[in-house]
Amino acid sequence: MGNDGEPHKNKYEEIINLLKTNQLKNITFITGAGISTAAGIPDFRSSNGLFAQTQKKYNLSNPAQFFQIGLFYSHPEYFYDFCKNVEKQINSCKPTKAHLFQGFLCQKGLVRRIFTQNVDGLEIKAGCPKELCTFAHGRIDVAGCPECLRDYDIEELKKKIYNDEIAYCEKCKKPIKPKVVFYGEYLPQSYFDSFADITKTDCAIIMGTSLEVYPFNRLPCNVPNDSWRVLINLVKVSGAFFTTNRLKFDNEYKKDCFIQGYTDDVIQKIVDDCGWTNEFNEYCSKFK
Ligand code: APR
């Protein structure tokens, strides 16, 4: 039998009832690039995503190569060129309903932690308190040396980038970059320091991610067995392939719920079904 022995015939209705009666008080979010596509920022692995774009533009041998630290060290100008375009795009972007919903629930005091792989910082623009956000793959608005980890001023780095110059670390002479985590780099300590929050959640809402990347994709597997795991995504994903507690949606005794669709559309439906439409619209109007 399942955790509570009861079959969950209509998991979506159960989630809505728990949300609107404020029975979920330790919600965690686990998010990826899919929640920012509605803001105009491409994701990574979709057919027109950043992998396809960068592989074609720089004639790379494999899709993820652009984000490997080895390529950055040999061709820092590639990522600098990329930053010029992405930075302008990100600065002009507004948070999506998926970001705003996180801020809305934070305001209600129902959120324990937001774990995101995204570096665009739209969670902060949506009113999510910084202390509740774990940017597992770093942030584009801070700079540092990937080798010796020395911090640098992002504005100074931007000047170099826009002047088509490479900025080098004074200490170890490696090229410096915005502190987004590349393949071959460690995740920030803040990820490991906040990891325990996932083991205390009563509901993990997983949005807009392929759950392809380790160790971030371990998060869903560490949600307590008697807690809910809600996937809101265009496609069904299950998390780290080598672990036992992967997402299993077809088992009516497991508290795993898959809601297929565009995150913004699903969020709007959840808000409406919880009777929060006006309250949410009022919250969103503050961030127009
Ligand atoms: N609504 C719902 N789902 C969406 C939407 C949307 N509007 N747009 C995209 N998706 C889905 C895609 O179908 C895909 O399943 O979101 C997922 C995005 O997956 P990826 O492109 O792999 O992005 P992400 O999971 O964030 O990638 C993780 O990979 O390269 C590394 O460090 C990089 O942080 C990144 C990590």
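In the predicted model, T116 has F135 of strand β3 as its bridge partner. Strands β2 and β3 run parallel and are joined by three bridges. Helix α1 (residues 11–20) packs on the sheet and touches β1, β8 (228–233) and β9. The direction of α1 makes about 110° with that of β8. Helix α9 (residues 263–273) also packs on the sheet, where it touches β7, β8 and β9. For α9, the angle with the direction of β8 is about 130°.

The sheet in question is open and consists of six strands in the order β3-β2-β1-β7-β8-β9, with parallel pairing. Its edges are formed by β3 (133–135) and β9 (256–260). Each of these two strands has a single partner, so one side of each is left without a neighbour in the sheet. On average, neighbouring strands of this sheet are turned by 15° against each other, direction ignored. Strands of a sheet pair through backbone hydrogen bonds, and the pairing may be parallel or antiparallel.

Strand β1 (residues 27–31) pairs in the parallel sense with β2 (residues 111–116) over five bridges, and I27 stands opposite V111 of β2. Five bridges also join β1 to β7 (residues 203–207), again with the strands running parallel. Here F29 stands opposite I205 of β7. Strand β1 is mostly covered, and five of its five residues are buried. Burial applies to both faces of β1: I27, F29 and T31 lie on one side, and T28 and I30 lie on the other.

A further open sheet has three strands in the order β5-β4-β6, and its pairing is antiparallel. The edge strands are β5 (151–152) and β6 (177–180). Both have a single partner strand, so one side of each is left without a neighbour in the sheet. Strand β4 (residues 138–144) runs antiparallel to β5, and two bridges join them. The bridge partner of A143 is Y152 in β5.

Helix α7 (residues 154–162) lies across β4, β5 and β6 and runs at about 85° to β4. Helix α4 (residues 76–92) lies across β4 and β6, at about 65° to β6. The 17 residues of α4 reach 25 Å from the first C-alpha to the last, which is close to the 24 Å expected at 1.5 Å a residue. An α-helix has 3.6 residues a turn, so residues three or four places apart point the same way. The buried residues of α4 are P76, F79, Y80, F82, C83, K84, V86, E87 and I90. These buried residues pack against helices α2 (50–57), α3 (69–74), α6 (122–125) and α7, and against strands β4 and β6.

Helix α4 also contributes to the largest pocket. This pocket holds about 1,000 Å³ of space. It is lined by 46 residues, of which A33, D43, F44, R45 and N118 are the closest to its centre. Helices α2 and α4 each supply at least two residues of the lining. The largest share of the lining, four residues, comes from α4.

Terms used. Residues are numbered from 1 along each chain as its sequence is written. This is a predicted model: local features need pLDDT of at least 70, side-chain atom pairs count only at pLDDT 80 or more; totals for chains, interfaces and linings use all residues. Side-chain values use heavy atoms; hydrogens and water are left out. Two strands pair if DSSP finds at least two bridges between them. Contact means heavy atoms within 4.5 Å. Axes are lines fitted to C-alpha atoms, for helices over the stretch in contact, and angles run from 0 to 180 degrees between N-to-C directions. The expected span of a helix is 1.5 Å times one less than its number of residues. Buried means under 20% relative accessible area, exposed over 50%, partly exposed in between (1.4 Å probe, protein chains only). On a 1 Å grid over the protein atoms alone, a cavity is a set of points where a 1.4 Å probe fits but cannot get out, and a pocket is an open set with protein on both sides within 12 Å along at least five of seven lines; lining residues have an atom within 4 Å of a point. Grid points are joined across faces, edges and corners, and a volume is the space filled by probe spheres set on the points.
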